Amino acid sequence: MLIKRASDIRSSEITDKKLYLNRREFLTAAGILGAGALATSVTLAAKGAQHGRKLPNIKKGFALNATDKVNAWEDITSYNNYYEFGTDKSDPSQNAQKFRTRPWNVSIGGEAEVIGTFALEDILKPHPLEERVYRLRCVEAWSMVVPWIGFPLGDLLKRFKPTSNAKFVEFTTLYDPKQMPGQRARVLEWPYVEALRMDEAMHPLTLMAVGLYGKVLPNQNGAPLRLIVPWKYGFKGIKAIVSIKFTERAPRTTWAGAASNEYGFFANVNPEVDHPRWSQATERHIGANAFGPRRPTLPFNGYAAQVAGLYAGMDLRKYY
C-alpha cells in the first residue's frame with residue numbers, strides 16, 4: 001500500500017471535509033461502518049450482472065392481482081426500450097452485453113442534508129431485497145408483467161435526509177457514448193433525465209430495482225440500478241442511474257422536453273388521454289414472444305386503488 005506524506009498531497013486530492021463527514025454520517029446511519037459481511041443477495045447485486053446470476057434469500061413482496069401470467073425471461077430481456085443502446089426493441093439486448101456496470105457510483109445532491117458520491121455497495125447494503133410482480137405499461141400501448149427484484153425507493157431517499165425544500169427527485173442516467181452507442185445519435189438530449197414528485201417517490205409501490213426473475217438485473221433492462229413506477233408509462237423507469245438530486249422545482253425531463261405534447265411529466269396511465277398519434281384506450285399484452293388481443297387499458301395501469309389519492313383534485317387530462 002502506498003502511503004503519502006502530507007507534503008506530497010496536492011490540495012486537489014483532499015476530500016472536502018463536509019462531503020467526508022456527510023458520507024460517514026450516511027454510512028454510519030446505514031449500519032455500514034463497522035458492519036460484518038454483506039448479506040448474500042445484496043453482495044451479488046452489487047458485484048454485477050454475470051448473465052443469469054441468481055439472487056438468493058429474496059422475500060416475496062407485492063403481487064399483482066391480475067389474470068396475466070408473468071412474462072418469460074426471454075420476453076423481458078429481448079424486447080426493450082432503451083435508446084442509449086438503440087431505438088429498435090432488439091437493440092439493447094444485442095448492444096448492451098459488454099456494458100460495464102462495475103465499479104459504479106451514485107452522486108446525491110440538492111436539497112438534502114447528506115450529499116456526496118457513494119459506491120453502489122453503500123447504496124444497496126442496508127436494504128433487504130424483495131420480489132414484486134408489477135405490470136409494465138409502455139406508451140406504445142403494449143404491456144408486460146415482470147417479477148422485479150428491488151427495494152422501496154422511499155427507504156433509500158430517507159437516508160439522505162431531504163430538506164423541506166425538496167419537492168421533486170431528479171434521476172440521471174450514465175452518459176458514456178463509448179459504451180452506449182445510442183448516445184452517439186441525436187435521438188434525444190443526453191444524458192437521460194427523469195423525475196418524480198416527492199410524494200410519488202416516497203410511495204411504497206415505487207421501486208428501486210436491481211434484478212428480475214430472481215436474478216441480477218441484465219444490462220439491457222437497466223443494470224445496475226433502475227426505477228420502477230408501476231402506475232406510470234415505462235419511460236419514467238430511468239435506467240443505469242448515476243445521480244439522484246432533490247430539487248425545489250420540477251426538473252426538465254428528457255421526453256417531456258423532447259415532445260411535451262406526447263410525453264407529459266406525470267406520465268400516469270390514463271386511457272382517456274390519447275397519444276397524439278394513437279389511442280391509449282386499449283393495449284396489447286406481450287406473451288410467448290407475440291402480442292395478444294387488444295383489451296381495455298386500466299386507469300393508473302391497474303394501481304388506482306393504491307395511488308389515485310396522490311392526484312386528488314388534479315385535472316388528469318391536463319396533467320398527463
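# Close-up views of the predicted model

**View 1. Glycine 110 has phenylalanine 246, in strand β11, as its bridge partner.** The model is predicted: local features require pLDDT of at least 70, side-chain atom pairs count only at pLDDT 80 or more, and totals for chains, interfaces and linings use all residues. Numbering starts from 1 along each chain as its sequence is written, and side-chain values use heavy atoms, without hydrogens or water. Strands β2 (residues 105-110) and β11 (residues 241-247) are parallel to one another and share 4 bridges. Strands (E, at least two residues) and helices (H or I, at least four) are DSSP runs numbered from the N terminus. Two strands count as paired if DSSP finds at least two bridges between them.

**View 2. An open sheet is built from 5 strands with mixed pairing.** The strand order is β3-β2-β11-β6-β7. From one strand to the next, the twist averages 20°. The angles run from 0 to 180 degrees between N-to-C directions of axes, which are lines fitted to C-alpha atoms (for helices, over the stretch in contact). In a regular strand, side chains alternate between the two faces of the sheet.

**View 3. Arginine 197 sits in strand β7.** Is this residue, arginine 197, buried or exposed? Arginine 197 is buried, at a relative accessible area of 18%. The classes use a 1.4 Å probe on protein chains only: buried is under 20% relative accessible area, exposed is over 50%, and partly exposed lies in between. Setting aside residues up to four places away in sequence, arginine 197 touches Lys167, Phe168, Phe265, Phe266, Leu310, Tyr311 and Met314. Contact here means heavy atoms within 4.5 Å. One of these partners, Phe265, is 68 residues away in sequence, with a C-alpha to C-alpha distance of 9.7 Å from arginine 197.

**View 4. Strand β4 (residues 130-138) is largely enclosed by the rest of the structure, because 8 of its 9 residues are buried.** Strand β1 (residues 59-63) runs parallel to β4 and is joined to it by 3 bridges. Lysine 59 faces glutamate 130 of β4. Strand β5 (residues 142-152) runs antiparallel to β4, with 9 bridges between them. Valine 133 has proline 147 of β5 as its bridge partner. A hairpin is formed by β4 and β5, with 3 residues between the strands. In that turn, alanine 141 has a positive phi of about 75°.

**View 5. Serine 93 belongs to helix α4 (residues 91-95).** Its relative accessible area is 18%, so serine 93 is buried. Beyond its neighbours within four places in sequence, serine 93 contacts Thr77, Ser78 and Gln220. Asparagine 221 lies 128 residues from serine 93 along the chain, yet their C-alpha atoms are separated by 8.4 Å.

**View 6. The largest pocket holds about 490 Å³ of space.** Its lining has 30 residues, and Asn81, Tyr82, Gly234, Phe235 and Lys239 are the closest to its centre. Strands β4 and β5 each supply at least two lining residues. Strand β5 gives the most, with 4. The lining divides into 18 nonpolar, 7 polar and 5 charged residues. Ala, Val, Leu, Ile, Met, Phe, Trp, Tyr, Cys and Pro count as nonpolar, Asp, Glu, Lys and Arg as charged, and the others, Gly among them, as polar. On a 1 Å grid over the protein atoms alone, a pocket is an open set of points with protein on both sides within 12 Å along at least five of seven lines, a cavity is a set where a 1.4 Å probe fits but cannot get out, and lining residues have an atom within 4 Å of a point.

**View 7. The whole structure contains 1 cavity of 30 Å³ or more.** The largest cavity has a volume of about 50 Å³. Volume is the space filled by probe spheres set on the grid points, which are joined across faces, edges and corners. Which residues line the largest cavity? They are Leu136, Arg226, Leu227, Ile228, Val229, Pro230, Lys232, Tyr233, Gly234, Lys236 and Gly237. Strand β10 (residues 226-228) provides the largest share of this lining, 3 residues. By type, the lining has 6 nonpolar, 2 polar and 3 charged residues.

**View 8. The protein chain as a whole has 9 helices and 13 strands.** Of its 320 residues, 53% count as buried. Among contacts with a separation of 6 or more, 73% join residues 24 or more positions apart.
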